[in-house]
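Take a look at the structure below. We will walk through it one residue and one element at a time.

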Amino acid sequence: MTTTHELTRNIWFDEDQGTVLICIDRVTVSIYLEEFLSLISELEQAQVQLESRDDIKRGITEEDGIDTPVLLFIPDAEYN
């Protein structure tokens, strides 16, 4: 029997396997707990790089009544 714990609505911890399950749309990524902090660090570095670009802006979207921050790509006007 698998024992999983919901950490957030998109992230679960599988106690039996020692893995973190990240669910994005219909895709689930499973990584070992030992690798989780490394992934978080990589994602945070990518976020800093993306937010430093002039063509990417931070916005907010509402999903299920909850405001969620998003990054929006706003290309140069010459491409529109």
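Start with Asp 67. Asp 67 is exposed, because its relative accessible area is 54% and the cut-off for exposed is over 50%. Bear in mind that this is a predicted model.

Where does Asp 67 sit? Its place is in strand 6, which covers residues 66-73. Next, look at what Asp 67 touches. Leave aside its neighbours within four places in sequence, and Asp 67 is in contact with Ile 60, Thr 61 and Glu 62. Now compare Asp 67 with Thr 8. They are 59 residues apart along the chain. Their C-alpha atoms are separated by 15 Å.

Now turn to the partner of strand 6. Strand 5 spans residues 56-63. Strand 5 and strand 6 run antiparallel, and eight bridges join them. You can trace some of these bridges by eye. Lys 57 has Leu 72 in strand 6 as its bridge partner. Gly 59 has Val 70 in strand 6 as its bridge partner.

Strand 5 and strand 6 form a hairpin, with two residues between the strands. Find Asp 64 there. Asp 64 is in the loop between strand 5 and strand 6. Is Asp 64 buried or exposed? Asp 64 is exposed, since its relative accessible area is 67% and exposed means over 50%.

Another aspartate deserves a look. Asp 25 also has a positive phi, of about 55°, although it is not a glycine. Which loop holds Asp 25? Asp 25 is found in the loop between strand 3 (19-24) and strand 4 (27-32). Asp 25 counts as exposed because its relative accessibility is 76%, and the cut-off is over 50%.

Four strands form an open sheet, in the order 1-2-3-4, and the pairing is antiparallel. Which strands are at the edges? The edge strands are strand 1 (4-6) and strand 4, and each pairs on one side only. Neighbouring strands of this sheet are turned against each other by 25° on average, direction ignored.

Go inside the sheet. Strand 2 covers residues 11-14. Strand 2 and strand 3 pair in the antiparallel sense, over four bridges. Take Phe 13 as an example. The bridge partner of Phe 13 in strand 3 is Val 20. Then bring in the helix. Helix 1 (residues 33-51) packs on the sheet. Helix 1 touches strand 2, strand 3 and strand 4. The direction of helix 1 makes about 110° with that of strand 4.

Thr 19 lies in strand 3. Thr 28 is found in strand 4. Why does Thr 19 count as buried? Its relative accessible area is 6%, and buried means under 20%. Thr 28 counts as partly exposed because its relative accessibility is 48%, which falls between the cut-offs of 20% and 50%.

Now check what each threonine touches, leaving aside residues up to four places away in sequence. Thr 19 is in contact with Trp 12, Phe 13, Asp 14, Ser 30, Ile 31, Tyr 32 and Leu 33. Thr 28 touches Leu 21, Ile 22 and Cys 23. Thr 28 and Thr 8 are 20 residues apart along the chain, and their C-alpha atoms are separated by 14 Å.

How many residues line the largest pocket? There are 18, and the closest to the centre are Ile 11, Ile 24, Leu 43, Gln 47 and Pro 69. Strand 3, helix 1 and strand 6 are the elements that give two or more residues to the lining. Helix 1 provides the largest share, with eight residues. What classes of residue make up the lining? The lining has 12 nonpolar, three polar and three charged residues.

Methods
Residues are numbered from 1 along each chain as its sequence is written. This is a predicted model: local features need pLDDT of at least 70, side-chain atom pairs count only at pLDDT 80 or more; totals for chains, interfaces and linings use all residues. Side-chain values use heavy atoms; hydrogens and water are left out. Buried means under 20% relative accessible area, exposed over 50%, partly exposed in between (1.4 Å probe, protein chains only). Contact means heavy atoms within 4.5 Å. Two strands pair if DSSP finds at least two bridges between them. Axes are lines fitted to C-alpha atoms, for helices over the stretch in contact, and angles run from 0 to 180 degrees between N-to-C directions. On a 1 Å grid over the protein atoms alone, a cavity is a set of points where a 1.4 Å probe fits but cannot get out, and a pocket is an open set with protein on both sides within 12 Å along at least five of seven lines; lining residues have an atom within 4 Å of a point. Ala, Val, Leu, Ile, Met, Phe, Trp, Tyr, Cys and Pro count as nonpolar, Asp, Glu, Lys and Arg as charged, and the others, Gly among them, as polar.
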